[in-house]
Each structure stands twice: as C-alpha cells, then as structure tokens.
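These are my notebook entries on one structure. I set down what I looked up, topic by topic.

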Amino acid sequence: MAIITINGRDLHFTLGQTILEVAREAEITIPTLCWLPKTGHNNVCRICVVAVAGADRLLPSCSTPAADGMVVETNSPEVRQARKSILSLIIADGRHDCFMRRLPEDRWPPYQVAAATRLHREHACSADGACQLQALAIEYKVPVKDLEPEPGDFPLDNFYPMITRDFSRCIQCGRCASVCSAIQVNDAIVPQFGRRAEKEHWWPAVDYSRCTHCGECLQVCPTGALTAKKAYGLSVKEDLLEKIRTTCPYCGVGCQQELVVKDGRIIRINGVEGAEPNRGSLCVKGRFGYDFIYSKERLTDPLIRREDGTFRTATWDEALDLIAEKFKKIIATSGPDALAGLSCSRSINEDSYQMQKLFRAVFKTNNIDNCART
Ligand code: SF4
Ligand code: SF4
Ligand code: SF4
Ligand code: FES
C-alpha cells in the first residue's frame, strides 16, 4: 500500500489523491483559497504550497498528486514565510479596507488611504469576520500597514438587484467562474487567471445575457468581492449570527437552505453544501426571494368576501365552516366530480398528500393535481 509522510506522520493513501486530500483526511490543516472540491478547481492561488523533499521549489498541495515514499512538510518556517508573502501580494493587489476600519483615520498608512478612496465604501466590507483572506492574513500576521498598494482602479458592478461585485476585493481565485460553468452550466463568467498587470480586463466580469442570478458564484467567493446586495453593509461576524437549516418554500424540489439571521431577521440564505437534493445550489428565488416574509401586505387572517365584493376579516373557524358548507352544497347539487383540487407546488409533500386524501377519500373524486407536475 502506498505511504506518504506528512509532518512526520506515515499516512496510507489511494493513488490519484492529492497531497491536500491526504492531509485533510488526516486532519492536517493546509490553507486554501481557490481549491473547490465540488468542481475540481485548483492550482490558482498557491496559498496551499508545501515543502516536498527533493523538489526544487514549494509545490501546491491541491494539485500535486501524493506519491509513494513522498516526504512533505506543511507548516515549516519556509512554507509559512512563502504563504505570508503570497498573502501580502494578494492583499496589495486589491483594496481590502477591513484592516483600515480598526484604526483612527489619522493613523491610516498609504495602503489604507488608497483602499478608502474607492467608491462604495460607506460601510465596512460585508465579508468582515467571515472572509477567508482576512482570516489567513490575521493567522499569518501579514503586516498590512506596511504594504504599498498596486496602482490601478477596479470596476464596481452594482447594476443588478441581487449581487454587488466589487472587484477591488477580488483575489482572482476563479471559483466563481468554475461553479458558474461546472455546476450551473451557464458559462456567464469568463475565467481570468494570472497577473493583473498582463491583462487589460482581468476581473471576472459577468455576461448578464447568460446569468440567471442564482448566486452560486456568491456562495463560493472566499472574500467580500461578491456580496448579496440586500446584505450589503450588514456585519456578518459569525458570532453575531444565527444559522437555521430549513427547506426552501418555493417549489417541490425541497432544496436545503441555511438561513443566516441577525437580530431576528434573515440577512442571507445559503444552500447547504453536500445536502441532497441541491448540494449547495439554489435558484434566484430560493437564495434571494425572502423579503415577502416581512411584507406589511402579507395576509395574517382569513378574509371573507361580502355581498358587495369587499373583504372582511374572519376567524379560521368561520372561514373553514363557510368553505365546508359551500363544498357540501356543490357535491349535493352537482356530484363530487364538480369539484377539482390543485395543490400548490410551494406546499410541502405532507400537505399535498393530505389534500389528495381529502379529495379522494372524503369528497370521493379523483380530480386532484399538483402544479409542480406540469
Ligand atoms: S474581502 Fe476580506 S480581506 Fe478584503 S476587505 Fe473584505 S473582509 Fe477584508
Ligand atoms: S449568479 Fe449564477 S449564473 Fe450568474 S454569474 Fe453567478 S453563478 Fe453564474
Ligand atoms: S469574484 Fe470572488 S470567487 Fe470570483 S475570482 Fe474574485 S474572489 Fe474569486
Ligand atoms: S488552494 Fe492550492 S493553489 Fe489555491
């Protein structure tokens, strides 16, 4: 059986596994930013580099196959220094203002002044507290205040109602393009990798004629480059949030959702990674269509139409009695097949089951259908 030695531990592995996969199975932490197992996307950011004995340079663990007899160090001083340098380059290449917000304005160094001159900076970055780049910068003690910002400006795509795309916080990891292509099969984002200086348009711009606003790209973005517009400016610090697992109410597919709740209100909805049937994906309605919960126009009581066509508020007993009376009258005069039921595709399976039971067993008609079947 093949054996690799990682940080002095001998580990069995299956041929074809990468160093990163073997390390993760053994609960050895190696940081990643671009790696996305669900699409196989990797080998862009280099933050996962490790030292392999005999290699003439550090190797990215996410794309380097494990080999029998290989000896790997994942956390040596050389590896940590390389990661720190990579993080410095990534941060200097953008305008990451979360670091600035912790200092009084008169103490902002050049990098932070440059970050503050960006448009759309009236709030702290919405990813502050949940950003994978920020977490690594803190862990590796990257001296942000000493960084010289790379010149250049960054587009801000804020034209559509669902997602704000602030490319000054983009690290070019390519995850967004990868999921748009491999998971949603929309190919709305042209992959743009490599050095910005060598490209006229380096940012992962969206072709909105192909985009369905599903937010798959938003869910995998490791930074604050992609933000749910409705959550813009809201703190997402993990310790202030409640997360509630639920089933999407919109259709019969039953996608699994995680509601991110702050002060009793939903501020974001994510798909639950790995959970069937949607494995983390959602459509535009499931991810963004939750405002109706808080609509003042929502009905909270049954309404009964008066003779003159206007409505009056009723109790549930009153409304149900009226419906039962009318159903009985129709069946008595025209027979049960004069009734037909259409159960709403937003209802849960159990409710649809009960409805067909009511029609078949109580009313004695098979005139029952569900709009999700069409
Ligand atoms: S994307 Fe991350 S590192 Fe950049 S400003 Fe936002 S929280 Fe900070
Ligand atoms: S919202 Fe969906 S379709 Fe649009 S770019 Fe993102 S992943 Fe692609
Ligand atoms: S927008 Fe986000 S996911 Fe896309 S390349 Fe930039 S950082 Fe990565
Ligand atoms: S995680 Fe390996 S190169 Fe990005």
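**Entry 1: the shell of ligand 1.** I began with the classes of residue around ligand 1, and I recorded five nonpolar, four polar and three charged residues in its shell. I noted that the model is a predicted one. I then listed the residues that surround ligand 1: His-96, Asp-97, Cys-98, Cys-125, Ala-127, Asp-128, Cys-131, Leu-133, Gln-134, Arg-169, Thr-223 and Gly-224.

**Entry 2: the shell of ligand 2.** Next I turned to ligand 2, whose surrounding residues include Arg-165, Cys-180, Asn-186, Ala-188 and Ile-189. The run from Cys-211 through Thr-212, His-213, Cys-214, Gly-215 and Glu-216 to Cys-217 also belongs to the surroundings of ligand 2. By class I found six nonpolar, four polar and two charged residues in this shell.

**Entry 3: the shell of ligand 3.** Which residues come nearest to ligand 3? Of the 13 residues around it, I noted Cys-170, Cys-173, Gly-174, Cys-176 and Cys-221 as the nearest. The shell of ligand 3 divides into nine nonpolar residues, three polar ones and one charged one.

**Entry 4: domains.** I looked up how the protein chain is divided, and found domain 1 at 3–75 and domain 2 at 308–373. The C-alpha centres of domain 1 and domain 2 are 60 Å apart.

**Entry 5: the sheet of five strands.** I recorded an open sheet with the strand order S2-S1-S5-S3-S4 and mixed pairing. Why does one side of S2 and of S4 lack a neighbour in the sheet? Strand S2 (9–12) and strand S4 (59–60) are at the edges and each has a single partner strand, so one side of each is left without a neighbour. I then examined strand S1 (residues 3–6) and strand S5 (residues 71–73), which pair in the parallel sense over two bridges. Ile-6 stands opposite Val-72 in S5. I also found that helix H2 (residues 77–92) packs on the sheet, where it touches strand S3 (49–52) and S5. The direction of H2 makes about 150° with that of S3.

Entry 6: I noted for reference that the strands of a sheet pair through backbone hydrogen bonds, in either a parallel or an antiparallel manner. The open sheet I looked up here has the order S6-S7-S8, and its pairing is antiparallel. S6 and strand S8 (226–228) are the edge strands, each pairing on one side only. Between S7 and S8 I recorded three bridges in the antiparallel sense. Thr-164 stands opposite Thr-227 in S8.

**Entry 7: aromatic pairs.** How many aromatic pairs are there? The count comes to four. One aromatic pair, Tyr-160 with Tyr-208, is stacked, with 4.0 Å centre to centre and 20° between the planes. I placed Tyr-160 in the loop between strand S6 (156–157) and strand S7 (163–166), and Tyr-208 in the loop between helix H5 (175–182) and helix H6 (216–220), so the pair ties together parts that are 48 residues apart in sequence.

**Entry 8: backbone details.** Finally I checked the backbone, and found that the peptide bond from Glu-276 to Pro-277 is cis, with omega near 5°. Pro-277 lies in the loop between strand S11 (265–271) and helix H7 (284–288). I also looked up Asp-187, whose phi is near 50°, a positive value in a residue other than glycine. I located Asp-187 in the loop between H5 and H6.

Terms used: Residues are numbered from 1 along each chain as its sequence is written. Chains are lettered from A and ligands numbered from 1 in the order in which they are written. This is a predicted model: local features need pLDDT of at least 70, side-chain atom pairs count only at pLDDT 80 or more; totals for chains, interfaces and linings use all residues. Side-chain values use heavy atoms; hydrogens and water are left out. A residue is near a molecule or strand if one of its heavy atoms lies within 4 Å of it. Ala, Val, Leu, Ile, Met, Phe, Trp, Tyr, Cys and Pro count as nonpolar, Asp, Glu, Lys and Arg as charged, and the others, Gly among them, as polar. Domain bounds come from an automatic or database domain assignment. Two strands pair if DSSP finds at least two bridges between them. Helices (H or I, at least four residues) and strands (E, at least two) are DSSP runs, numbered from the N terminus. Contact means heavy atoms within 4.5 Å. Axes are lines fitted to C-alpha atoms, for helices over the stretch in contact, and angles run from 0 to 180 degrees between N-to-C directions. Rings of Phe, Tyr and Trp (its six-membered ring) pair if their centres lie within 6.5 Å; planes under 30 degrees apart count as stacked, over 60 as edge-to-face and the rest as tilted.
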